Amino acid sequence: MPNIFKNPAQVYANKLLLEFENQLGLGRMIKHEFDSRFAKAGAKNGDSIEITDQVRLTGGQGDVVTPQSIEEKARFLRLNQHENYSWEWSAKEETLNVDDWMEKYGKVAVEYLVNKADLFLMKLAAQSAANFIGTPASAVSAFRTFGDARAIIESYSSPPGRDLIMAMDPQTQVEAVTLAQGLFNSQKQIARQYEDGNMLRANGWNWHMSQNVYRHTVGPLGGAAPLVDGAQTGANILTKSWTAVAANRLKLGDKVTFGALGDADGGVRGINPVNGNPNSFLQVFTVTADADSTAGGAVTIPVDPPITAAGAYKTVNHAVADNATVQVFGSAAAHASKVTAMNLAMHPDAMVWAMAPMYLPKNPDFGAMQHDPKTGLALRIWRDAIIKENMIVTRIDILFGALVRHPEWICPVLGA
């Protein structure tokens, strides 16, 4: 059999990258539009690009105009996720051809790297989302829930299209297929759902089953009825009436609302960014960092989006009122410490990610970097010898980063 290192390293890199693309989950469905900015070989951990959001202005009426100052909002897409898979063997084991090598080592390495990338993207999307629907740790009980998730996303002026994503765990997929029985669908789709047990394309979604759906643990909460402490706007909301002195009272990724639709002030509702009209439901804010309670039972909750009640970039219909109720996943305390699946209903433009061709040292014993400009995917294989031990070390690396640009276009569908 031919020695592996008599074959060009690029052959192995090409096969690895193709296998990576074939196994990719959420990363195959979301945007890769900024990969070209990282296309130069030699990218390093921490490299970043600045991405400017679309400028928003307020309009006017009549002959007289009032020119506005332009305020640009920028974010950074950083390559801060470096994953690798490596192994070593003795020099005398260098006898595999490319197909044997891929089956024995390459596919295993790619499966590991794909899962690391998919887990990261799933978690980032779920933790950043400015919406949710359902009840923590409870199975989806009505097919309409998936339609309601779409309505929430579209209420924030998401672009129209047929590419909406529903990424769900195996249990939720079973529930979705069961709940869809008897509904109006094309005969072809019904047949495929019956035969394969998968939803595929149905009811406005591209359905995708993933074992990497993020499972969120709700904070321990505490306090029968936490309240807002003073009328406020901004990204840090002071609240009171929590159980005193406890770490991580709220957890990164918890979803909170302020007030209720039946309150005198109507609760804090989100804004359609195009027409400026308030939505018919409460604005959901994601907790951006773990939050502790003080000796007096106060918790300062860091939230996104910030509560902005005026101007072109306003996010809500009004400031949060003093003594407005604070609810976490729709309840003051009922969901403390529950673990829930965060199935993702999202528009593909909600987040972007990028991979980059990493630096490959000159004159390695064996190595190659493969970058596909069409898909944006990139992967490096590199091997070198440890002469002292007569061993050979092989490593496969990916470098990537992701950014949620529109958290309002992501709506986790909570599951058991």
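Two strands are taken to pair if DSSP finds at least two bridges between them. In the predicted model, this criterion applies to strand S14 (residues 285-287) and strand S16 (residues 299-307), which are joined by two bridges and run antiparallel. Within this pairing, Thr 286 has Asp 304 in S16 as its bridge partner.

Both strands belong to an open sheet of six strands, in the order S8-S9-S16-S14-S11-S17 and with antiparallel pairing. Its edges are formed by strand S8 (227-228) and strand S17 (326-328), each of which pairs on one side only. In general, the strands of a sheet pair through backbone hydrogen bonds, in either a parallel or an antiparallel manner.

Strand S11 (residues 255-258) contains Thr 257. Thr 257 has a relative accessible area of 7% and is therefore buried, the cut-off being under 20%. Residues up to four places away in sequence aside, the contacts of Thr 257 are with Leu 282, Gln 283, Val 284, Thr 325, Val 326 and Gln 327. Of these, Thr 325 is 68 residues from Thr 257 in sequence, with a C-alpha to C-alpha separation of 8.1 Å in space.

Over the whole chain, the secondary structure comprises five helices and 23 strands. The chain has 416 residues, 47% of which are buried. Of the contacts between residues at least 6 apart in sequence, 76% join residues at least 24 apart.

Methods: Residues are numbered from 1 along each chain as its sequence is written. This is a predicted model: local features need pLDDT of at least 70, side-chain atom pairs count only at pLDDT 80 or more; totals for chains, interfaces and linings use all residues. Side-chain values use heavy atoms; hydrogens and water are left out. Helices (H or I, at least four residues) and strands (E, at least two) are DSSP runs, numbered from the N terminus. Buried means under 20% relative accessible area, exposed over 50%, partly exposed in between (1.4 Å probe, protein chains only). Contact means heavy atoms within 4.5 Å.
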